[in-house]
Amino acid sequence: MTEQDQFDSLMAIAKRPPIIMTHGKGARLVDQHGKEYLDFIQGWAVNTFGHSPEIVVDALTRQANSLINPSPAFYNGPALDLATKLSKNSCFDRVFFTNSGAEANEGAIKLARKWGCKYRGGAYEIVTMENSFHGRTLATMSASGKPQWKELFEPKVPGFLKVPLNDIDAVDAVVTEKTAAVMLEPILGEAGVIPASECFLKELRKLTRERGVLLILDEVQTGMGRTGKLFAYEQSGVEPDIMTLGKGIGAGVPLAAVLAKEEVSCFDPGDQGGTYNGNPLMAAVGCAVLDALIEPQFLERVREHGDYLALRLEELARRHGLGTVQGRGLLLALDLKYEIAEAVVERARDWGLLLNAPRPTLLRFMPALNVSKKDIDEMIGILDGVLSVETFSR
Ligand SMILES: *Cc1c(COP(=O)(O)O)cnc(C)c1O
């Protein structure tokens, strides 16, 4: 069997280079030919502590040896611990665990609809942002504002109204008695690291309170320390009613969560669930991840290294006549000004550096939260080389 035959045994859901990753440690990944890569994608802002970190390996090993799956019909220690820790470290009271970010958002949508049914005369509509990304289940694709998805998998789940980000008048215009919630990412990740302005978030909180609808923040990408605070909502001083987490909370294993305030937590037994939801194996990892993030100085270092990465990217941009750097903490993007991002990603990969291009003109940087300054310098060095030596048609 050739490598290509093996590739063809998988459904072609993504364009992938003929690379098979075999192992990884920290900031490094190694492929089937022994080639090493410096990884600034880290599973799309997922691997909080890099590849196969001790924190995750230890938690998995310890938990696997005692209890993997008692079933969601019973309580288990790690799920209780993690839910308690999350409540203690956020403005929320109750948690529902899921296996992916999309599933968490699906849960948040269901919770908002249940709430609308119970407390707002059957309101079910949810206002979301143009260009937003909330996942790939049918409902979360319907909630997403990705233009390429408009015609895909029709008919969509009804009840999602799209408005431009940072436009409070647009939100005001579509909120009616049928509206249950407004839902958004504090920083639109897949759209190209576009922050919701602090002013917009504050106005949005005011508007949703006045009009009696819920505010849902999708922190699947921004949560768990990514932006330099445990949760991005802390930076705006705005408390949502519901928040979803994913990606970084599992640091590489499938774990996600819906968090809600007490008065919104209105699921009745039987409304929501799932075979693997809140299983102790994943929850044990979540506990270890959260414990590490709230260690003194950890988030301070994330902010410091985020500032350093931004600074080095700005220098690089000046040297090569590129555009601006946007984002916060260790979720940053560099505007290349021309549609060369995909070509840069491919060349960089040849040079042993893994980067992501969320848009044709944009590079996104999502290193592990414990990335070192040395790794940042090395990344900048490679990217500088790629931009200096290789030619890109502009
Ligand atoms: C990645 C992402 C999701 C989807 O998470 P999955 O685990 O891939 O289902 C949802 N929302 C945002 C903001 C994301 O970045």
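Helix 4 (residues 77-88) and helix 10 have axes that come within 8 Å and cross at roughly 35°. The crossing is left-handed. This is a predicted model.

**Helix 4 and helix 10**
- Two packed helices are described by the angle between their axes and the distance between the axes.
- From helix 4, the contact takes in Pro78, Ala79, Asp81, Leu82, Lys85 and Leu86.
- Helix 10 meets them with Pro280, Ala283, Ala284, Gly286, Cys287, Leu290 and Asp291.
- Nine residues of this contact are nonpolar, one is polar and three are charged.

**Around the ligand**
- Gly101 places a backbone N or O atom 2.8 Å from an oxygen atom of the ligand.
- Gln221 has a polar side-chain atom 2.8 Å from an oxygen atom of the ligand.
- Lys247 has a side-chain N or O atom 2.6 Å from an oxygen atom of the ligand.

**Pro269 in its loop**
- Pro269 sits in the loop between strand 12 (256-260) and helix 10 (280-293).
- Pro269 counts as exposed because its relative accessible area is 84%, and exposed means over 50%.
- Between Pro269 and Gly228 there are 41 residues in sequence and 36 Å in space, C-alpha to C-alpha.

Notes. Residues are numbered from 1 along each chain as its sequence is written. This is a predicted model: local features need pLDDT of at least 70, side-chain atom pairs count only at pLDDT 80 or more; totals for chains, interfaces and linings use all residues. Side-chain values use heavy atoms; hydrogens and water are left out. Helices (H or I, at least four residues) and strands (E, at least two) are DSSP runs, numbered from the N terminus. Buried means under 20% relative accessible area, exposed over 50%, partly exposed in between (1.4 Å probe, protein chains only). Axes are lines fitted to C-alpha atoms, for helices over the stretch in contact, and angles run from 0 to 180 degrees between N-to-C directions. A crossing is left-handed if the near helix is turned anticlockwise from the far one by less than a right angle, and right-handed if clockwise. Contact means heavy atoms within 4.5 Å. Ala, Val, Leu, Ile, Met, Phe, Trp, Tyr, Cys and Pro count as nonpolar, Asp, Glu, Lys and Arg as charged, and the others, Gly among them, as polar. A polar contact is a pair of N or O atoms within 3.5 Å; within protein, one must be able to donate a hydrogen and the other to accept it, and residues adjacent in sequence count only if both atoms are side-chain atoms.
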